[in-house]
Structures are given as structure tokens and as C-alpha cells.
Amino acid sequence: MATTINTELSAAEAFKTRPLTPLQRVHRILHLHPEISPMIALVIAMLVFQLANERFLSPGNISLILQQVAVVGSLAVAQTLVILTGGIDLSVGALMILVSMVMGSLVGLTGLPGPIAFAIGILVGLLAGLLNGVLVSVLRLPPFITTLGTLSIFLALALLMSNGVAIQGEKLGGFLLWTAVAFSVGPFNFTVGVILMLLMYVGMGFVLHQTGWGRHVYAVGSDPLAARLSGINTRRVLMSVYAVAGVLVTLSAWILIGRNNAATTSAAVDVNLDSITAVVIGGTSLFGGRGALLGTFLGAITVAVFRNGLSLARVDVLYQTLAIGILILFAVALDQWIRRAGVKG
Amino acid sequence: MTAEPILRARGIVKTYGAVVALDGVDLDLNAGEILAVIGDNGAGKSTLIKCLTGAEIPDVGNLEVAGSEVHFRRPQDAHAAGIETVYQTLSLAPDLDIASNMFLGREIRRRGPLGGVLRMLDHKRMRQLAAENVSKLGIRTLQDITQVVETLSGGQRQAVAIARAVAFGSRIVVLDEPTAALGVRETAQVLDVVTGLREAGLGVILISHNMPNVFQVADRIHIQRLGRRIATISPESHTPAEAVAIMTGATSAPAHVGALSKEDRP
């Protein structure tokens, strides 16, 4: 192919290649690595809380924070997937409760073995996710309204099925409670649930960054039309994202049962919004297409660190909520700033 | 010139509700030829392109690629038939980097079980191939292949989209206003690439408002007016001014294309 390549630059091109201002540099780095901002917030928060109370960074307290974050943190994995496509899932919390009640009832009331109950739980999660996926991708309903509807449905099903009665730990058997099993690594104390959450991050992180499907999830969130014209079946990608989210929620339900030592409908009322908080603080854009699971993990930890650290500093719980609200607004404002065009090429 | 056109469209109709975008369009493209498509705004150029490349499904009409009938339901079908398109909207995902965009929808996996079982992508190879394809275009300001498309200028984005089409187009490359965001020199580079595709034996469809460009590179010029092909001329048979006159309806079209005698006005 005949092309002529001149080596001297025009004045405009020389202007274009001018050095970046420090602010532009920061902007570009944050654009490429959205997990840096939650990382900075987390480090600052940990330093401040350590100064406020020297027990904060003790192995015991770090272990406690990880155990406290396991349920929301695992739920935020599913939430990240959905938000990366430019959607939002208000139903993951309700679905988690529904699945935990299904699994708990199957073991506690009908005496089914734990692994079989778990397999049925996976199926329920998958079908519920597919329901969201069909509504969003085939009927093209807005994800917000769709999942607002399925939130009510899942919660109502959980309550109808259980009559609001909790199933206590002694009836649940070893398999469903396995996520509560604790073990020590040096001075740290982990549960199987914490490890499961970490594995969810590692596994889905691999899928998002190393497979074609992962690229397609980002592309669909970034620009659905461009993704379609590039030859991506956007409908199938969307559908699969909600289905995978449903399966991931089943794992969260498993962690939840272990954490509560019971299957109960009154558990975890705030977790759905908390999962969104973790994703947003983690630097994933609510407009889709940009973000990473590492950021979500840091976001979830940041929220837990704020709650735990402010408690240790004996700050009223209402101020904790206030602080987290401010954190969310900071994160969203930062996202807008990063997203704004105008960084030179 | 081969006997069989590489792309033949007959009687393509596309309507959007009450709006008739295409009213029975015919189009012939030969291998080793640049066919320019010109027409006023709303003449149906972009819709025609979308119907030829699987982005829209025509209501009526048939399409043949190299003599065999095809029915494109989605862009992948056209890709599979060797047709690549640079859309006016460029169809790039702004949050992905240049290499990811070039291979979007046809990522290269690693060899062996890492690619086969774990479905891992070969990022390194894709970046290397993307860099090669971009440098072939001779766009100099595009150096870092891992740069996010959102941070690129309009001209650079256009270069990425063109590089992608050129890299994958094996039979036909369709370019919808490829030089709209480019300066004079970049435009010359793109026209170089377009003529290079012709030398390589591909069929090229070039949509442009820029008459000097069209008359510089096109072998034949398809004039679209009010949803129809109103004439096919060549740079030798007509001047740019005559082409514009036909395009706008100021002159009646030459008679060698059938089914256009009716002088329809809105």
C-alpha cells in the first residue's frame, strides 16, 4: 500500500504533542486506572483511623473487617458486571435473600442434602438472572425499572415461601454453613466465606480482562451501537451478564447463610444499595464501559473501613452513614471529571 | 473487469414507518473498482450502506456477493462475507483502547489450552497486529496502541476505524464519509489507502460529499436521489458540476440507468 510518511510535524501537531499539564497527567492516569482513586481514599482512611485508634490495623480487626465485607463484597461482583453494561441491578439483594431461603428451606424443612439444595439454588439464581436479562435485552426495558420490579417479586416470593420465619443454623447442616468455618493464617482469622468472596473477584476479574466476553461486556456498556456494528451480539451479551449475575448472587446467598448462621428474610436489607455504593466508590462508571473489579473490591473495603473505623473511634452510627454519603458524591463527581472529554490525543 | 459484479443489489427498499428511505435501489460494484456514492442529504446514502453491510435489514430486495445470494441479518454476516465498513459514526467503543477496538468482536485467543479451555485472549499479538495496521495507514500522531479511544481526536478515531476495515476487509470495503474529520494531508493518505485497496483487487464503496475527492479516485459514480439510484456516471463522462446538477435534480439524469424516468419531487 503506497503511503507517504513525512517526518516533520506541522505547528498544530507540535502543539498536540506538547507536554501534558500535571492535571492532565492525573486525569489520564485515573482514566486508565480507575482503581487508583479508591486505593488512595482507602489508604488515607486507614491512616486516619489508625491514628484515631491504634487497634484499627491489628490483625484481629482486619480479619473482622474482611468478614464484615464478605456479603456486600461478593454481591458487588454481580453488581459490577451489570453496571459495566450501563445498567443497574436493584434486585441482587432481594434475589440473595430469596435464594438463601430456597436453600435453607430445602435443607431445613425438607431435609435435602446441602449440595443438592445448593445446586437448586444456583438454578434459581440463574433463572432469576435470565428473567432480568430477557426483560432488559429482549423487551428493552430500562434496567432500573426492571430490577425495581423483580426486587419486589423476589422479596415477595421469599416471604411467601417462608411466611417470614427464619431457619436457624442447627437445621441447616454442614454444607450450607461451611462458609462460616474459620481458620487462621498467622495472626489473621479468615472464614471460608471470605475466601469464596476473594475467589469470586479473582475469577470474574480474569473473565472480564482476559476473555473476549469480558471485552464485549465493556464494549456494550461503552457504546451499544458501536458494539453491534462491530459484530457483537449485544442482546446475548446483556442477557448473559444478568444470568451470570444471578449465579454469582447464589454464592453471595451461601456466604450470607454462613454469616448469619441462619436463613432469614430480615437479613441484609441495605446490602443492595451497599453493593452499588461499593461499585461507585470503586471508580466504575454508572454510565457503563469503564471500571474494574479491583476498584469494586477496594470500594467495598473502603465502606467497611469507614464503618469499622468510625465505630472504633466511637463516632455515632448516623455520622458513619453521613460520611459514606459524602464519599459516594466524591466518587461520582470524580467519575464525571474523568469522563469529561478534552484530554488531548 | 470481471464478468460477475462482486456486489449486486437489486430493488432494495427500506422504510421507517411512513418515511421511505430507499425506494428500490440497484447497485453494482465490481472487484478492483472504486464506486463513489453521492447524493444530497436524505437521499438514502447511509441507509443504503447499512442495508449492504448488515446494519439494517432491507424490507424488500436482494443482495448478491460474488454471484451468490446473501441475506445479512447482522453486521457479523457481512463480515463473514468479507465486507468491512467504516460507518460515519465510526462504531468504536470509546472506553476501550485502540487494539481492543480493532479486534472487537473477533478477538484473537491464545494458542493451546489457555485459549481453548480458559478462552484467554492474546493481548500481545492483537496489540502488535493493531500497531502494524495503524502504521500502514501512515497516521503519525497515533503511536500508543493502548491509548483509550476516548482520548483520541476525531481524525485519529477515523484512522482507527479505517485501519480496522482495511485489516479485515477481504472482498469489499465500504467507507461512509471517511475523510470528513480529516485535514488535507490525512485525506490524501486515506485516498492513497483507498486506491491501494483497488490495486489489491477489492471492491470499494466510497460515500463522500467532497466532489474533488470523488472525481479524483472513483471509477464510477452512483448518484442517489430521493431514495433511488438516479444515474451511474463516470468521472470521464461528466464534470463535477454536472454530477451535482443530477444529484440535486437541476438536470435530468442520463438515460442509461433504467427505472428512473419519473421525475419525483417531494
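**Charged side chains in chain B**

Author: Glu4(B), with a relative accessible area of 39%, is partly exposed, a class that lies between buried (under 20% relative accessible area) and exposed (over 50%), as found with a 1.4 Å probe on protein chains only. Arg8(B) is likewise classed as partly exposed, at 24% relative accessibility. The model is a predicted one, in which local features need pLDDT of at least 70 and side-chain atom pairs count only at pLDDT 80 or more, while totals for chains, interfaces and linings use all residues. Residues are numbered from 1 along each chain as its sequence is written, chains are lettered from A and ligands numbered from 1 in the order in which they are written, and side-chain values use heavy atoms, with hydrogens and water left out.

Glu4(B) and Arg8(B) join their side chains in a salt bridge of 3.5 Å, N to O, the term standing for a side-chain nitrogen of Lys or Arg within 4 Å of a carboxyl oxygen of Asp or Glu. By this rule eleven salt bridges are counted over all chains.

Another of these pairs is formed by Arg229(B) and Asp28(B), whose closest N and O atoms are 3.8 Å apart. Because Arg229(B) belongs to strand β10 (residues 228–233) of chain B and Asp28(B) to strand β2 (residues 19–29) of chain B, the pair ties together parts that are 201 residues apart in sequence; strands (E, at least two residues) and helices (H or I, at least four) are DSSP runs numbered from the N terminus. Arg229(B) is buried, with a relative accessible area of 14%, and Asp28(B) also counts as buried, at 17% relative accessibility.

Asp219(B) and Arg198(B) form a salt bridge in which the closest N and O atoms are 2.9 Å apart. Asp219(B) lies in the loop between α8 (211–217) and β9 (220–225) of chain B and Arg198(B) in helix α7 (residues 184–199) of chain B, so that this pair ties together parts 21 residues apart in sequence. Asp219(B) is partly exposed, with a relative accessible area of 27%.
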